[in-house]
Amino acid sequence: MVIIEFPWPRKELSPNARVHWATKAKAAKAARTEGYWAGMAAGANRTEYGEGKIRMNLTFYPKTRNLPDDDNCLAMFKPYRDGLADSMKIDDKRFVCSIEVSEKTHPGGKVIVRIELDQR
């Protein structure tokens with residue numbers, strides 16, 4: 001199992017954000033790069049993943065008690081997920097995600113990712 005901690009995704013990545021497309025693209029590119037390097041640092045690139053599905057458990061710890069929707073959290077995390085897939089040298093369609101939005105808060109927010117092979 002690989003465990004990686006990410007900062008809370010940038011507000012520009014939210015599906016509800018009303019920002020210029022170029023601003024969103026810049027934020028997405030930066031997040032994808034961060035996802036790639038986080039995967040490399042965690043050693044995700046040193047595991048053999050075979051051909052099956054890969055479970056990705058995401059736990060979101062928001063900044064405040066104002067809890068976001070889980071579908072918005074997943075959408076904001078998409079560029080990080082793409083970067084992780086790049087570091088693992090796999091197609092991100094192999095990920096099977098489970099999402100939890102914690103009621104516990106964290107200063108600045110964070111996302112904990114647990115990646116493991118699906119044994120089904």
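Where is Lys89 found? Select Lys89 and you will be in the loop between α2 (70-88) and β3 (95-101), where helices (H or I, at least four residues) and strands (E, at least two) are DSSP runs numbered from the N terminus. Phi of Lys89 is near 60°, a positive value in a residue other than glycine, and Lys89 is exposed, with a relative accessible area of 66%; buried means under 20% relative accessible area, exposed over 50%, and partly exposed in between (1.4 Å probe, protein chains only).

Before moving on, note that this is a predicted model, in which local features need pLDDT of at least 70 and side-chain atom pairs count only at pLDDT 80 or more, while totals for chains, interfaces and linings use all residues. Residues are numbered from 1 along each chain as its sequence is written, and side-chain values use heavy atoms, with hydrogens and water left out.

Next, select Lys78 in helix α2 together with Asp92 in the loop between α2 and β3. Lys78 and Asp92 form a salt bridge, with the closest N and O atoms 2.5 Å apart; a salt bridge is a side-chain nitrogen of Lys or Arg within 4 Å of a carboxyl oxygen of Asp or Glu. This pair links distant parts of the chain, 14 residues apart. Asp82 is buried, with a relative accessible area of 14%, whereas Lys78 counts as partly exposed at 36% relative accessibility.

Now select Arg10 and Glu34, whose side chains meet in a salt bridge (2.4 Å, N to O). Arg10 lies in the loop between β1 (2-7) and α1 (21-42) and Glu34 in helix α1, so the pair ties together parts that are 24 residues apart in sequence.

For a contrast, go to Lys110 in strand β4 (residues 110-117). Lys110 is buried yet has no salt bridge, and the nearest side chain of opposite charge, Glu5, is 4.1 Å away; Lys and Arg count as positive and Asp and Glu as negative, while His and the chain ends are not counted. Leaving aside neighbours within four places in sequence, Lys110 is in contact (heavy atoms within 4.5 Å) with residues including Glu5, Trp8 and Tyr61.
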